[in-house]
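Dear colleague,

I am passing on the structure below, together with some notes on what I found in it. Please read them with the model open beside you.

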2 protein chains.
Amino acid sequence: MVKVVKTRVEFEGRFRDEYTVVEGEPLEGWSPKSGLKIVGRPHPRVDGAAKVTGSAKYTHDVYLPGMVYGKFLRSPYAHAKITHIDASEAEGLPGVLGVYTYKNAATLGFGGAEKVFKQEVTYQGDVVALVLAQDESVAEDALELIRVEYEPLRPLVDPEEIMGLDSSKDRIVGPKLYERGDLEKGFAEADVIVEESFKTQAALHNCMETHGSVAHWEGDNLVVHTSTQSVFNVRSALSEELGIPQSKIRVVSEFMGGGFGSKFGAGEYTVVAAAAARLLGRPVRIVLDRVEENLATGNRSQTVQWVKIGAKRDGRITAIHLKGLVNVGEDGWVADLGGPAKMMYHCPNVKVELYGVKTNLVSSTAFRAPGYVEGDFALESAVDELARRLNMDPLELRLLNYATRDPVTNSEYSSKALREAYLKGAELIGWRSEPRVVRDGAKIRAKGVAGAIWWGGGGPPAYAEVKVNADGGVTVLTATQDIGTGTRTALAQIAAEELGLPFSSVRVVLGDTITELRSPGSGGSQTLASMGPAVRAAAHDAKNQLLEIASQVYDVAKERLTIREGSIFRSDGSVLCSVGELLGNLGDFSVTGRGAREPNQEGYMVNTFAAQFAEVEVDTETGTLRVLRLVSVHDSGMVVNPLTFTSQVEGGVIMGMGYALWEGRLVDGESGVVINPNLNDYLVARCSDVGEITPTYVEPEDPHTNSLGVKGIGEPPIIGVAPAIANALREAIGVRLRELPFTPERVYSAIKGINPRPTTAKYL
Amino acid sequence: MVKVVKTRVEFEGRFRDEYTVVEGEPLEGWSPKSGLKIVGRPHPRVDGAAKVTGSAKYTHDVYLPGMVYGKFLRSPYAHAKITHIDASEAEGLPGVLGVYTYKNAATLGFGGAEKVFKQEVTYQGDVVALVLAQDESVAEDALELIRVEYEPLRPLVDPEEIMGLDSSKDRIVGPKLYERGDLEKGFAEADVIVEESFKTQAALHNCMETHGSVAHWEGDNLVVHTSTQSVFNVRSALSEELGIPQSKIRVVSEFMGGGFGSKFGAGEYTVVAAAAARLLGRPVRIVLDRVEENLATGNRSQTVQWVKIGAKRDGRITAIHLKGLVNVGEDGWVADLGGPAKMMYHCPNVKVELYGVKTNLVSSTAFRAPGYVEGDFALESAVDELARRLNMDPLELRLLNYATRDPVTNSEYSSKALREAYLKGAELIGWRSEPRVVRDGAKIRAKGVAGAIWWGGGGPPAYAEVKVNADGGVTVLTATQDIGTGTRTALAQIAAEELGLPFSSVRVVLGDTITELRSPGSGGSQTLASMGPAVRAAAHDAKNQLLEIASQVYDVAKERLTIREGSIFRSDGSVLCSVGELLGNLGDFSVTGRGAREPNQEGYMVNTFAAQFAEVEVDTETGTLRVLRLVSVHDSGMVVNPLTFTSQVEGGVIMGMGYALWEGRLVDGESGVVINPNLNDYLVARCSDVGEITPTYVEPEDPHTNSLGVKGIGEPPIIGVAPAIANALREAIGVRLRELPFTPERVYSAIKGINPRPTTAKYL
């Protein structure tokens, strides 16, 4: 029978009750010592072939008969008022089925139409009009026939400028404050104080698959194919915007090409496609192109940070103060830059003050470890400077100030093996066995280190079903997502392990609300740690039923039966029957096991940790910086699949390198126009840019968090990459670079002690 | 916990054990007296709008990017050997991706390739070659470029001719025998003996949606959209033919345009599409056109039947002997023509001998009440003749010989209200209150009656889940099919009724093996009686959980809570909370109720019954026969939705009229070629052809079969329509027509006592 579990949850300083409905009893936890046969071993992705052969069906591949194409006209101005708009010529173009602007958007029939179609556009890329047409080229032609007159208004895009303007107080959000101990006292006790300021740029997600949705109605039932990290979030949003119950909406995202935090909800394209499809009685497809994607779907926030750290002469940190500005664009959220400052070190006196600044840019959004990537860059660069000032090995300084309990709550960690990660990484990079700087003509090689912390462990609600078919094959039913991380593969391993059936016999279904199995959004490194235990519980239930059925059919006590490698064994080691035989004889029947994610054990802090070691090479004649090697060592609890772990780490590290070296949205400071909303000018890493990456892990037991002992690996790989590189660069050239990205011009200028040439283009 | 229920089942004379796995306790049965609020009332179809607006997505509507079109080249001969085949020119046509004949079919890579592509074609429409091309017109052009030389062989298409040929013994299947009592003694006791022979024609299903499948692979997972009556049958067949586990196959048929027995399994088009898609790494679509459909997907068997009935002078039937020939085409199944003869009447001495005859026509297949439509025509025509010979009212004769226990097993009926149906129909048609023959110039109006019997009550395996969402909306999950019968609507009523939630809040999901909820094929009048109880059980489980959760959250004893109209009530009649409130506060959670169909109570015979009354008008100058009125009264147990009941009866009756008056496959007796494989020459009823239909029901309580008391309404409406019309026609013109269909020419010839003009075209 169902059981309601109540947990007290703190959210932004307030406590509230959360309920989880579970069934059955909690399972004994797995650990690396559990003698597992399938979990913990490398398995190639079960959907790898489908992806590389192009047979996997993404949202972009959905074409329906009679489908209508929707295209947005977007503002070329960062800030302007529409003084005149005339869509009549566009409406008259043969093949055009409708044009919507702020004047008639309400007729589209969804709640927030007036927020999407505005008379005053407030960022470049803001929606001005929508064209619905029978094919894509007609829609594009029609966009050009819409006559719009704008009265340009002054755009504000630079937070530092805005902080200085009295007239822009309402653009400032916050401060968001955190304080523990006595900051003044802490600095008073310090023998050495480092004060540094840092700037980080806005970064664009550039998912392989751009944002998009295809919506169609079957009577009063809506079906939406969409590229999303949370099919249920999209469903709730559509339910609200369109005013129909959730049960009438099906959201599908079986394959999706990356989200990185930018695809957690229903986009304007989703809601508008659904509303337009209802209006026209035809399927509607709205898929953004790369430029739209990069102008209008959000970004990692640009930040300005001031860090002050005090320490005793022996290296013990006495105080940390972080002040940050976060460029939230139109109306983004103030990402927590202070996470690392609060959580990384055992330090009694900490203060964080964060200000969000609203600008005439698209709203910033979540992006792989939001806030932590930026905040860790500032903190870990400053800690490195502190080590220099103290004449200490920066690794030793980190170990000296190692937190053995969570500094914020004073809770025990569910598990923490960051120390082991540091030591393993140091060994692998030759931190102590080799010189940390080597000169080779005009080139200098050097090493740097940084630590990383993130959340982990997942949690409820997460539900799964495991079906064992008449031929012994297994279907794992979930409605989670695989955003490219290997969810299908890991869940298949877990089900196979628990059931005692072969890995190859398992198929995992996900990305479809039709199953109605609630799952959390795929982000925050939560997917495996949330869904994995639910799948294990469902597999356990299915196994129990298999044994119960075998017991009844063969008249053997259930306690004497076990399942291994597809067969049911008696306690004397003899085979009773194969699972396929048992079920095949039962006729058309599938065993259905159900599983719910139990809440985490209360009282423990669950974090993931990483130690990042970089070896870089600087060409002092050109300023070119190359990462020769990056050793990335993780404490993410148990690793279910070392192969997909490796992919996750490589992907995260490469993204971190891009952030450190090349990526950055360039905005014209005068007009507020984005200069590089494309993949020619916005530089993501190419294979040839990337050096050797060594992903590895330490694997602590973690019996407190979930029945798998896993904590999550989505975010940690990207955190700490930039400061590890920054610290190595500092080691190489003797100058600290405080602004990301480290372009050749910036590195060259730093080496030569000159200022980069002035330009109106800013990394915002 | 799961419970395995073992039942002994007789199948073709042998007993075997069948297992059903169930959970929970059986529910108390519903009956028309249960005070139901939603069940038993008329509700328009929940998917009606989607269907009439064209938004419902049928297999024919599935177009996938990169999709390849498959077309079959089919034999123009009924029997021939391919002496030479050259596909090179077709293969060379730009856009052609492959051509397959018996020579290279094995390379398609499925089990039965050599059975599909043969060197000796054995019926017109048999597969000769397959073209795969990038679009449909290229495929069609390529078909014409395949050079085939045939050596025509003698086709045999007429069973009566074959029975007379010594050389064709191996074409005869059977006899299939049934015997009870002592037939000779029975006839010896008789005062009156009627001996009649009858012929019925082959009829074509002519589903609105022709047979077809679209197959695509995602890596090693196969997805097949197909128009089918059983997604799980298709899945098993594909698993076997392609050699992959069932869990790797997803079969989808959310909307389908009729099956009538012709779509129970994977067609050649399905298996070939799946194999070709695997080979090409691209989606493959094979959809038959109307002519292919009518040549190659089966038909109701043509039959020849001899009936002999003996009775005492008082009307008591003493013996029934039925001998039948069934034209099974290439390799069809011998439909049970003897069902009515064995089951309709209380008669101690019965013998049935059936012979299947293999001919050079496509294999016959199931078609709405297979065998019973044909057999009931012969039996009920003969019984009418018997009444004439006895000078009895044919209705009285039927009531006199009414079976109060099943004559075959001597079991009690679970319920039987055929007597009430006869009386109700007689009342409605004015059987006793009006003259049964009225002359009006050259036109004669007359009435006839016939009884009908079929199986019913459904059974396991059938599994369902009922989910209640956070906003109080309900999703019913099944993998059954809605072949046009209104399954979605009836299941929604059942779930809403059991849950105490509004009908409008329920959405029913079906036609997708992804849910892994085993369901029986939709046919044999089994769907509602099988799935309905499973849905009710699942809804009951969900309701129980809702009450349990409410009890735990609000700390009220569960026994004091009930759900009505969307709210949870305390026992004092006050509202505790709405279901939406309860779940909304629990966060992202859906209640999942599960239900399994319990086996029927043993020891009862479950049958459905109908009384059909026809009033016809014959134009004696033209032979035109018009059915002015057809009163169709059913005992199908409880009626869940009187509106969809009405549609079912109207559809069945119209199909029965078509069978009686117009439909029939015409085959050239010499060449074996089908003359009318299309909708110009094969005459299905138009609206203007159909008179007034009065569908109605008697509604016995049936506590023995399932928790709903429903028995099924798919088949019964078509049974007995032809004999009711035949008997009315006999009443009108004084001559009995013994061959279907009753074309104007045949009726005219009968009236005039002349022979129809000779032709080589035969109704075969």
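In this model, which is a predicted one, three strands of chain B form an open sheet in the order 24-25-26, with antiparallel pairing. Strand 24 (562–564) and strand 26 (575–578) of chain B are the edge strands, each pairing on one side only, and the twist from one strand to the next averages 30 degrees. Strand 24 of chain B is joined to strand 25 (residues 567–569) of chain B by three bridges, and Thr562(B) stands opposite Phe569(B) in strand 25 of chain B. Helix 15 (residues 527–554) of chain B packs on this sheet, where it touches strand 24, strand 25 and strand 26 of chain B, and its direction makes about 115 degrees with that of strand 26 of chain B.

A helix pair may also interest you. Helix 17 (residues 642–661) and helix 18 (residues 721–733), both of chain B, pack at an angle of about 55 degrees with their axes 8 Å apart, and are therefore oblique to each other; helix 17 of chain B passes helix 18 of chain B in a right-handed crossing. In the contact, Val653(B), Gly656(B), Met657(B), Tyr659(B) and Ala660(B) of helix 17 meet Val721(B), Ala722(B) and Ile725(B) of helix 18, which by class gives seven nonpolar, one polar and no charged residues.

As for the two chains, chain A is superposed on chain B by a rotation of 180 degrees with 0.0 Å of shift along its axis, at an RMSD of 0.0 Å, which is the relation of a two-fold axis. The same surface serves both copies, since 100% of the contact residues of chain A recur in chain B.

Best regards

Methods
Residues numbered from 1 in each chain as written. Chains lettered and ligands numbered in written order. Predicted model: local features only at pLDDT ≥ 70, side-chain atom pairs only at ≥ 80, totals over all residues. Axes fitted to C-alpha atoms, helices over the stretch in contact; angles between N-to-C directions. Helix = DSSP H or I, 4+ residues; strand = E, 2+ residues; numbered from the N terminus. Parallel < 35°, antiparallel > 145°, perpendicular 65-115°, else oblique. Left-handed = near helix turned anticlockwise from the far one by under 90°. Contact = placed C-beta atoms within 7 Å. Nonpolar A, V, L, I, M, F, W, Y, C, P; charged D, E, K, R; others polar. Least-squares fit on C-alpha atoms with pLDDT ≥ 70 in both. Pairing = 2+ DSSP bridges.
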